[in-house]
Amino acid sequence: MKLEAVELIRLDVPLKSAFRTSEGSVTVHEVVWVHAITDVGEGWAECAANALPDYSSEYHTAAAGVLRDFFIPEAMKLGNELTAEAIAPALHWAKGHRMAKAALETAVLDAQLRASGTSFATYLGATKTKVPAGVSVGIMDTLPELMKTVEGYLADGYLRIKLKIEPGWDYEPVKLVRETFGPDLLLQVDANTAYTRDDFDLLKRLDEFNLLLIEQPIEEEDILGHARLAEYITTPVCLDESIVSAGVARDAIEIGATSIINIKPARVGGYIEAVKIHNVAQAAGIPVWCGGMLETGIGRAANLALAALPNFTLPGDTSASARYFETDTTEPFVLVDGHIDVPTGPGIGVEPIREVVDRFTVSTEWVK
Ligand code: SMG
Ligand code: MG
């Protein structure tokens, strides 16, 4: 297989409603797509990098730049030796930029699997045909607004609620949701690094709500701090931003910094590394779940395949298309009894809808 050209597409996809985290608010999902043209066919991937370097140091125009200047030329240098499995070793010399690396690997993997008639689910080792869906609920201006939103998602059938929290929006909203919707609601929180080592007493107050987990309470580099917090509170600590590789996952588990892991393939450099983390966690008895970066159908399809692996035992942030978009870039993913079907077709198993993609496209650039 050989990489002939890559189209980098910048899209602005409107969100149905603003999504606010401790890091900021987004109303438009601004992303870069990687459209790989190979001698065996085409492949697609959505790069998860946000428009701003807020979730991590990566951002969409930087991802496009590093892909154009370094990663795509490197993949082209592989000539006929190109495979998805060869991408990460070829890019290993370049530090960081895991979301950009993941997007290129995923687009090549999509082309490779489409050519062999294999689905992502089969390739990755999926054991389920549908996966339970949770939903991530942003920070709101008011508590009534939050209650209405949560109520709506529960009516839709979501099986687990994740509340975004930050200092000043934590104890009260969590208490109200727990009291209103009862002790059986699967409820978790995500701080996106908004707290510090000085906030442990504040976070301990959340113990009374029997949360499934607290996600990434303090800064990403502070893995030891998370281990200290995990000893101090009863709510299980779940790392997201901190886990950038299988090696970091192994170490974080060993020091007790994480007893559950949020796996986002983009954050760790791709699906191949994501499966390694799944395996490391499984061997250690640590459950995992699939995170999200507001992906449109192109990115969501592959995430659903990953979420169908056996150690993904908690509902993920793999929500239906309608949670995010009026119009998705592929056939929409729908929620049925709280679950979403795992695509079965070759590659990611879905096609971009040209007319929709054209409508949301801001610019395109060919790298040859
Ligand atoms: O895709 O449903 C989704 C978003 C889930 O909360 C979500 N993602 O830290 O887990 C996380 C955040 C990062 C979002 S940055 C836009
Ligand atoms: Mg998170």
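This is a predicted model: local features need pLDDT of at least 70, side-chain atom pairs count only at pLDDT 80 or more; totals for chains, interfaces and linings use all residues.

Visitor: Is asparagine 210 buried or exposed, and what is its relative accessible area?
Guide: Asparagine 210 sits in the loop between helix H7 (200-204) and E8. The cut-off for exposed is over 50% relative accessible area. Asparagine 210 therefore counts as exposed, its relative accessible area being 59%.

Visitor: What is the phi of asparagine 210?
Guide: Good one to check, as most residues other than glycine have a negative phi. Asparagine 210 is not a glycine, yet its phi is positive, at about 50 degrees.

Visitor: Where is leucine 294, and what is its relative accessibility?
Guide: Leucine 294 belongs to the loop between strand E11 (288-290) and H11. Its phi is positive too, near 60 degrees, in a residue other than glycine. Buried means under 20% relative accessible area. Leucine 294 therefore counts as buried, with a relative accessibility of 13%.

Visitor: Which residues coordinate the magnesium ion (ligand 2)?
Guide: Along the chain, the donors follow the spacing D-x24-E-x24-D. Their distances to the magnesium ion (ligand 2) run from 2.0 to 2.3 Å. The coordinating residues are Asp190 (OD), Glu215 (OE) and Asp240 (OD).

Visitor: How many residues apart in sequence are the parts tied together by glutamate 215 and aspartate 240, two residues that coordinate the magnesium ion (ligand 2)?
Guide: Both glutamate 215 and aspartate 240 are buried. Both also coordinate the magnesium ion (ligand 2). Glutamate 215 lies in strand E8 (residues 214-215), and aspartate 240 in the loop between strand E9 (237-239) and helix H9 (246-254), so the pair ties together parts that are 25 residues apart in sequence.

Visitor: Is aspartate 317 buried or exposed, and what does it touch?
Guide: Aspartate 317 is in the loop between helix H11 (297-307) and helix H12 (321-324). With a relative accessible area of 6%, aspartate 317 is buried. Not counting residues up to four places away in sequence, it touches Gly134, Val135, Ser136, Arg160, Lys162, Trp289, Cys290, Gly291, Gly292, Arg300 and Tyr324.

Visitor: How far apart in space are alanine 18 and glycine 41?
Guide: Let's begin with alanine 18, which is part of strand E1 (residues 3-21) and is partly exposed at 46% relative accessible area. Leaving aside neighbours within four places in sequence, alanine 18 is in contact with Ser25, Val26 and Thr27. Alanine 18 and glycine 41 are 23 residues apart in sequence, and their C-alpha to C-alpha distance is 37 Å.

Visitor: What radius of gyration does the chain have, and what would a compact globule have?
Guide: The C-alpha atoms fill a box of roughly 60 × 40 × 35 Å along the principal axes. For 368 residues, a compact globule would be near 21 Å; the chain agrees with that, having a radius of gyration of 20 Å.

Visitor: What share of the residues count as buried?
Guide: The chain has 13 helices and 13 strands. Among contacts with a separation of 6 or more, 72% come from residues 24 or more positions apart. Of the 368 residues, the share that count as buried is 58%.

Key: Residues are numbered from 1 along each chain as its sequence is written. Chains are lettered from A and ligands numbered from 1 in the order in which they are written. Side-chain values use heavy atoms; hydrogens and water are left out. Helices (H or I, at least four residues) and strands (E, at least two) are DSSP runs, numbered from the N terminus. Buried means under 20% relative accessible area, exposed over 50%, partly exposed in between (1.4 Å probe, protein chains only). Contact means heavy atoms within 4.5 Å. Donors are N, O and S atoms within 2.8 Å of the metal (3.2 Å for Na, K and Ca); water is not among the atoms, so sites may look incomplete. The radius of gyration is taken over C-alpha atoms; the globule rule is 2.2 Å times the number of residues to the power 0.38.
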